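Reader: I have a structure open and a few things to ask about it. Can we go through it piece by piece?

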Amino acid sequence: MKKVLIIIFCLFISGCSNYRELNNIAVVSAIGIDYKDNEYDVSVVIKDNTKDGENETTLYSYNGKSLNSALQKISLIVDKTLYFIDLDVLAISTNAAEKLDSIMDYLSRENNVGINFYILCDDNFKDSVRFMQGNKESYGDYVKGILQDDYNNVVRTKYTPFLQKYLSPYYDVIIPYAYFSDDNYLIDKALIFKEKSVTELIDFKDIQIYNILKNNNMSYLFSGSVDDKAYSFKAMKVESKISYDDGFIIKLDVNGILDEMEDIDLNDKAVVNKIIKVTEEKITDEAKTFLDKLVSNDSDVLGFKKIYYNKKRSKLDSISDIKYKIEVNVSLNRKGLIFYSLGGEYEKDK
C-alpha cells in the first residue's frame with residue numbers, strides 16, 4: 001500500500017513539474033530573418049496556448065548584431081524559453097541570403113532547433129504573417145501545407161538536404177521564393193545560387209523543369225495546340241537521367257494524358273503524333289531555356305559537377321562552358337482516355 005501511495009505521489013510531482021515547464025516554453029512555428037544596416041532583423045511566430053484557436057499566433061521581432069542576441073531579446077520580451085524543435089519554416093530575405101554562412105552555422109550548432117523545417121525566401125515576412133493572422137491561418141502551417149502538397153509545383157527545400165548541398169563542393173543550392181500578388185500568397189518562383197550568393201530569380205516554368213530533371217513527384221502541365229486547337233498535356237510519370245560522355249546527355253521520358261482539349265479527334269493517329277511532337281518540342285524548349293540559364297549563371301543546382309566527378313574522377317570547377325544534349329520522349333497514356341472532346345460531341349448532337 002505504501003508503494004502505491006509513493007508511486008501516485010511521484011506522478012503528481014512529475015505532472016506539476018511538466019506543467020510548469022510547458023508554461024515556460026514558447027513554441028516557435030516560423031522564423032523570419034532579414035539583414036539590413038549591419039544588423040539582423042529577426043522575427044518569430046509563436047503558437048498561442050489557447051484551447052479554441054489552433055491557428056492563433058503572435059509575432060515578435062527584434063534587431064541584433066547577431067542572431068543569438070536578437071533571439072535572446074525576443075525571449076526576454078516573451079518571458080519564455082523559445083522552443084524551435086517543432087519549427088515549420090525558416091524564412092530569410094534576399095538580403096539575409098547573403099548571410100547564409102552565419103545563419104546555417106547558428107542553426108547547426110543550436111541544440112534547440114529541429115531538422116524537419118522548410119527553408120524559403122520571403123522579403124516581406126512580417127506582412128505575410130499578419131496577412132495569415134488576419135485570415136486565421138498560422139504562417140508556418142500554411143506554408144508547410146503548400147510545400148508538402150504534390151499538386152503544387154514548387155521547390156521543396158528541407159533543412160537537412162539543403163545543408164548537405166550547401167556544404168558540398170559539387171552542388172549549388174536553390175530556395176523557393178514567396179511573394180504577394182493580388183492578395184494571394186504565392187511560392188511559384190525560386191532563387192538559384194552560385195556558391196554562397198544569389199545569382200537569379202527563376203519563374204514557374206523553370207521550377208517545373210527543375211523538378212522534372214530532379215525526378216520529383218509532382219504535377220506537370222504543358223499547353224500546346226495542333227491544327228489551331230488547344231490542349232493541355234498533364235505528365236503522370238516522368239523519368240529523367242543525366243549522364244556524361246564527352247558532354248552531358250539529358251534524357252527525359254514523359255508519360256501523360258490530355259488534361260484539357262478542344263475538339264480534337266484522338267482516334268486519328270496523325271493527330272496523336274502531332275500532339276506528341278508538339279509536346280516534345282515544348283518540353284525541350286523549356287528545358288533548354290532553364291539549362292542555359294544555369295550555365296550562364298554558373299549555378300549548378302542539378303549537380304553536373306558531381307556527375308562529372310563520378311565519371312572522370314576529376315573536378316569540374318565551373319559549368320559555364322559545359323556542352324549538353326537533351327533528348328525528350330513523350331508518350332500518351334491511352335488507358336481510360338476519352339478519345340474525343342466532350343464539347344465537340346455535344347455540338348454534334350445538336
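Reader: Which residues does S138 touch, not counting those up to four places away in sequence?

Author: This is a predicted model. In it, S138 touches S29, N55 and T57.

Reader: Where is S138 found?

Author: S138 sits in the loop between helix 5 (125-134) and helix 6 (139-148).

Reader: Is S138 buried or exposed?

Author: S138 has a relative accessible area of 1%. Buried means under 20%, so S138 counts as buried.

Reader: On to helix 6. Which residues are buried there?

Author: Y139, G140, V143, I146 and L147 are buried in helix 6. Seen down the helix axis, these buried residues fall within an arc of 135 degrees, so they line one face of helix 6.

Reader: And what covers the buried residues of helix 6?

Author: The cover includes strand 1 (25-36), strand 5 (89-92), strand 6 (118-122), helix 5 and strand 8 (184-194).

Reader: Take strand 6, then. How many of its residues are buried?

Author: Five of its five residues are buried. Y118, L120 and D122 point one way from strand 6, while I119 and C121 point the other way.

Reader: In what sense do strand 5 and strand 6 pair?

Author: Strand 5 and strand 6 pair in the parallel sense, over four bridges.

Reader: How many bridges join strand 6 to strand 7?

Author: Two bridges join them, and strand 6 and strand 7 (residues 174-181) run parallel. There, D122 has A178 in strand 7 as its bridge partner.

Note on methods:
Residues are numbered from 1 along each chain as its sequence is written. This is a predicted model: local features need pLDDT of at least 70, side-chain atom pairs count only at pLDDT 80 or more; totals for chains, interfaces and linings use all residues. Side-chain values use heavy atoms; hydrogens and water are left out. Buried means under 20% relative accessible area, exposed over 50%, partly exposed in between (1.4 Å probe, protein chains only). Contact means heavy atoms within 4.5 Å. The arc is that of the directions from the helix axis to the C-beta atoms. Two strands pair if DSSP finds at least two bridges between them.
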